[in-house]
Amino acid sequence: MKRKTKSRGAAVTLAGLLSLTLLLSACGSSGNGASGGSGNASTAGSGASGQSESPLELSIMAILLTPTAPADDNKIKQAIEKAVNAKMKINWVSGNNYTDKLNVALASGDIPDLTYIDDPFSSVFRNAVSQGAFWDLTPYIKDYPNLSSKISETAWNLTKMADGKNYGVPRPRPSEADPFFIIRKDWLDKLGLQVPTTTDELYNVMKAFAEKDPDGNGKNDTIPLTAYINPSDMGPLGQVEQSFTGVNGKWKLQDGKLVYSALLPETRQALEYLAKAYKEKLIPEDVASMKLTQSKDLFDSGKAGIIVDKAGTMSDHYNTLKTVDPNFKQTDFYPVTSINGYNPKGAGFAGMMAIPKSVPEDKMKRILKMMDTWMNEDVFDIQQYGFEGTDYKVENGQKVIDTDQLQKDGGPSFNQIVYVADPYASSTKVYFPAEVNDLYKKIQDDRAKSSVADISIGLYSATAVQELPEIDKKVQDMKTKIILGREPITAWDSFVNDLKNDPNMAKMSEEMTAAYEQRSAGQ
Amino acid sequence: MPAHEPRAGAVPRAWSPGGETSRLRRLALDLKRDRYLYVLALPGLVFFLLFKFVPMWGIVISFQNYSPFAGIGGSPWVGLDNFRRFFENPDFMMLFRNTMGINLLSLVCFFPLPIVLSLLLNEVRSLFYKRAVQTIVYMPHFLSWVIISGLTFIIFAKGDGLVNNMLEAAGAGRVDVLTNPNLFWIMLTIQSIWKECGWGTILFLAAMASIDPQVYEAARIDGASRLRQMRHITLPAIRSVIVVLLILRLGHMMDVGFEQVFLMYNGAVSEVAEVFDTYVYRVGIQQGQFSYSTAAGLFKSVVGLVLVVIANRIAKKMGEEGIY
């Protein structure tokens, strides 16, 4: 009898403990997200010299493009915090699924104080703005000299929402030297070929790369152009298509109207060209099932001769390639100026940083102030160069960066929060040799003469927001099939015919044209 | 605990005159007598309430035009509009066909395999060999789909894949596997078999372990061969496990492992690869149409529930225990 009571007592205690744990864990998970601030503000504040205000505490959601996130006690982070008098709680979200995470955050309404919006024109963000979830920053920007001068007028203009107001600080990026064809100059030289300037010349180069054994191993095993196709877009092959259409993005201005680019006869030509290239093995046989890294590996292992990328990524490719091919020089990573007189021009920004309405006005102003101070040269240099002795050395009055160390210390990751754009940043780097920078600078200047911008950025069409993603996907499915030779080109013709007769298509075109005219009139 | 069961079960229905009050009184008596057992069950109940039932409240957004900032309370109600839009969508039939196709193929080809494998393992005499095989066939279960899709690419890629390189060396042409709509369902099924077949044997082997060895002994004395023993002892003994698993499996007829399909998906196979799960993800999370995708998800779950109920009925009719 006694033994029995004891076991009963134990059962009750156990049950109680279990339910308590459950409750606690449930509360814990919901409580964590809501309270953004951290408790130990006093330790960080002591270092700030000459600042009477206590450090600004804020939570940040930023994109992470490197494998590992800077730790919370990262040296560079602490130095920036000290300089801008803030205590940042940064949630680094991997670039692989940033959109998903952001959409979930927006859906839950639990938005960090400073949030990176990767696509300011997505329906989810537009919705959030129209519901009044974010601060309208338009009236405040002029008070912050760096924000208004170091971020281009175009970037501010293009990131305006449908009501003509700015709901975020655009992250400035250089607008020239967007990803385009990069070709192995050593292979061209070996076969006595010129850098291509038209799609026909590009075809000839690819054909020669495939058949004339440019890597000299005695086998025809080279893949001229490495690429992959995404389920929803053309991936790098988009540059081939756009070289034909001369259009950056999905909309072409034709006779005063915006036309969806898949409907253009040039798109059909591009598909025929690519289908031929696929058949002749000028692009990878697995182009439809490959992913970005697999396609990059083909180039970096010396199996492919052309890749679509920014010139500024040279050292990534070079470091791997030179282990396979010791004769490969840095200047052999050679950017093509233009094809058919086309090369893409960037928008001048990459997403923006927005502040939710849950942040009080005073704090919102302090966040803007923080970003403004951060853009000062002396503060921005912290993430740009790191610390003397560990991340860079001064040689002949020039800072020479140890890129691996700086990468390890997380410096470049902070560019994802605040950045000051150098117009040549997409092609030249401080750590490239002077001859490489000179070459890339010259090519970029040449490219700037013919670069084409995406005119549809920031244009709002309610129908497009709702219908275009599905149409885009269907179009891409059809394109993929035609490139792989699964469907004849006549299938494309009837597909395009149906698309032309889709009432939504006409409606989108009208709305986009109206939005475009409205913007042109306003400027 | 076993001491309580006969008592609770021994109370015959006809014994009480069946009035509401007496039923309630009996419930109160039961509760009082078994209070410690109920207390023990409490954490489980709390768990299900907190993590399974409370979030289910969210499905009301499928009847709304949900906007995250207005919240559930502030979003306008639209009745069945989302469902109507879903069923009228020309893609609906394609999604339905693909989901059912992939699942039927897996039901026919994949479901019986763990049973066969566990029967084979059960007959293995060398204990060491049996354990070694078990460990090896369990292993793939612990690999993530990301790794498996990467392996599949390395093995079956048309350009530089292992199989195709061998085929070419042997003089045969290269075969396109990854972007071939005709092979896509088969490829998914084979991947599932490779990954989960060994893991699926666990329950069957456990059921077989509980068979009394004396039964086998008696059969052997009566001169039953190994095959006969398998047919008349082992299989009947695990029949109820098979039925339970089959019912549960039917409940998942509308699910296709999301990660697997998503990772193997590409534009060339879209018309056979798009299933409800990928559609809900694409439209809901990526395009932010929360209400519409919830409606699609809800439809999927309701069908699954109906299938479980029907399968359970049938199982009971056939004299099996079922799952509830």
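**Entry 1: a bridge in chain A**

I started with one residue pair: in strand 9 of chain A, Ala304(A) is the bridge partner of Ile223(A). The model is a predicted one, where local features need pLDDT of at least 70 and side-chain atom pairs count only at pLDDT 80 or more, while totals for chains, interfaces and linings use all residues. For my labels, residues are numbered from 1 along each chain as its sequence is written, and chains are lettered from A and ligands numbered from 1 in the order in which they are written.

Zooming out, I found strand 6 of chain A paired with strand 9 (residues 304-309) of chain A in the parallel sense, over two bridges. Pairing here asks for at least two bridges found by DSSP between the strands. Strands (E, at least two residues) and helices (H or I, at least four) are DSSP runs numbered from the N terminus.

**Entry 2: the four-stranded sheet**

Which strand order does the open sheet of four strands have? I read 6-9-5-10 in chain A, with mixed pairing. Strand 6 (223-225) and strand 10 (333-335) of chain A are at the edges with a single partner strand each, so one side of each lacks a neighbour in the sheet. From one strand to the next, the twist averages 30°. I noted the background too: strands of a sheet pair through backbone hydrogen bonds, either parallel or antiparallel.

**Entry 3: the five-stranded sheet**

Next I looked up the other open sheet of chain A, where five strands run in the order 2-1-3-12-4, again with mixed pairing. Its edge strands are strand 2 (86-94) and strand 4 (169-172) of chain A, each pairing on one side only. Neighbouring strands of this sheet are turned by 25° against each other on average, direction ignored.

Inside this sheet I followed strand 3 (residues 114-117) and strand 12 (residues 349-354) of chain A, which pair in the antiparallel sense over three bridges. Tyr116(A) stands opposite Met353(A) of strand 12 of chain A.

Helix 14 (residues 361-374) of chain A lies across strand 1 (56-64), strand 2, strand 3 and strand 4 of chain A, and runs at about 60° to strand 1 of chain A. For angles, axes are lines fitted to C-alpha atoms (for helices, over the stretch in contact), and values run from 0 to 180 degrees between N-to-C directions.

**Entry 4: the domains of chain A**

I looked up the domain assignment of chain A, which gives domain 1 (50-175 + 348-425) and domain 2 (180-345 + 452-522); such bounds come from an automatic or database assignment. Taken over C-alpha atoms, the centres of domain 1 and domain 2 of chain A are 31 Å apart. Domain 1 of chain A gives nine residues to the contact and domain 2 of chain A gives six, with contact meaning C-beta atoms, placed from the backbone, within 7 Å.

**Entry 5: helix 10 against helix 11**

I turned to helix 10 (residues 238-245) and helix 11 (residues 265-279) of chain A, whose axes come within 8 Å and cross at roughly 135°. Helix 10 and helix 11 of chain A are therefore oblique to each other.

**Entry 6: helices of chain B**

How far apart are the axes of helix 13 (residues 226-251) and helix 17 (residues 290-317) of chain B? I noted 7 Å, with a packing angle of about 155°. Helix 13 and helix 17 of chain B are therefore roughly antiparallel to each other. Val243(B), Ile247(B), Leu250(B) and Gly251(B) make the contact from helix 13 of chain B, and the residues of helix 17 of chain B include Gly304(B) and Leu307(B).

Helix 17 of chain B also packs with helix 16 of chain B, at about 165° with axes 8 Å apart. That makes helix 16 of chain B roughly antiparallel to helix 17 of chain B.

**Entry 7: where chain B touches chain A**

Last, I looked at the contact between the chains, which takes 28 residues from chain B and 36 residues from chain A. Helix 3 (35-53) and helix 16 (276-286) of chain B are the elements giving two or more residues to the side of chain B that touches chain A. Helix 3 of chain B supplies the largest share of that side, eight residues.

Key
Contact = placed C-beta atoms within 7 Å. Parallel < 35°, antiparallel > 145°, perpendicular 65-115°, else oblique.
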